[in-house]
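Good morning, colleagues. Please look at the model on the screen while I take you through its fold, its surface and a few of its residues.

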Amino acid sequence: MNVERINPQELTIAKFLALFNQFTRAQQVEIARKIWKKTFGEQWDLLDAELPDTDISEEEILDELRAVRYGKTS
């Protein structure tokens, strides 16, 4: 598959995976890492938009963590 001739509109997931599988394992890891870095910010923004903004102290956060971890509340 000649990369220079790939039309992005015609690149399906199946075609991408076929091309991806032609790389070495190390190259696949690097490609995956770059894709993750590129999309992480977008994913975080979507998640952040769904979460409520609350004022919570560090101690309250630690209390919640302890309650979950140890099954206790303060």
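How many helices and how many strands does the chain have? The chain has three helices and zero strands, where helices (H or I, at least four residues) and strands (E, at least two) are DSSP runs numbered from the N terminus. From the N terminus on, the order of elements is α-α-α. The radius of gyration is 21 Å, well over the 11 Å of the globule rule for 74 residues, so the chain is more spread out than a compact globule. That radius is taken over C-alpha atoms, and the rule is 2.2 Å times the number of residues to the power 0.38. Along its principal axes, the C-alpha trace spans about 65 × 25 × 15 Å.

A word on provenance: this is a predicted model, in which local features need pLDDT of at least 70 and side-chain atom pairs count only at pLDDT 80 or more, while totals for chains, interfaces and linings use all residues. Residues are numbered from 1 along each chain as its sequence is written, and side-chain values use heavy atoms, with hydrogens and water left out.

Let us turn to the individual helices. Helix 2 covers residues 25-50, and its 26 residues should span 38 Å at 1.5 Å a residue; the end C-alpha atoms lie 36 Å apart, which agrees. The expected span is 1.5 Å times one less than the number of residues. Helix 2 also has a kink of about 35 degrees centred on Thr-39, the bend being the angle between axes fitted to the seven residues ending there and the seven starting there.

Finally, Thr-54 is in the loop between helix 2 and helix 3 (58-70). At 55% relative accessibility, Thr-54 counts as exposed. Of the 74 residues, 4% count as buried; buried means under 20% relative accessible area, exposed over 50%, and partly exposed in between (1.4 Å probe, protein chains only).
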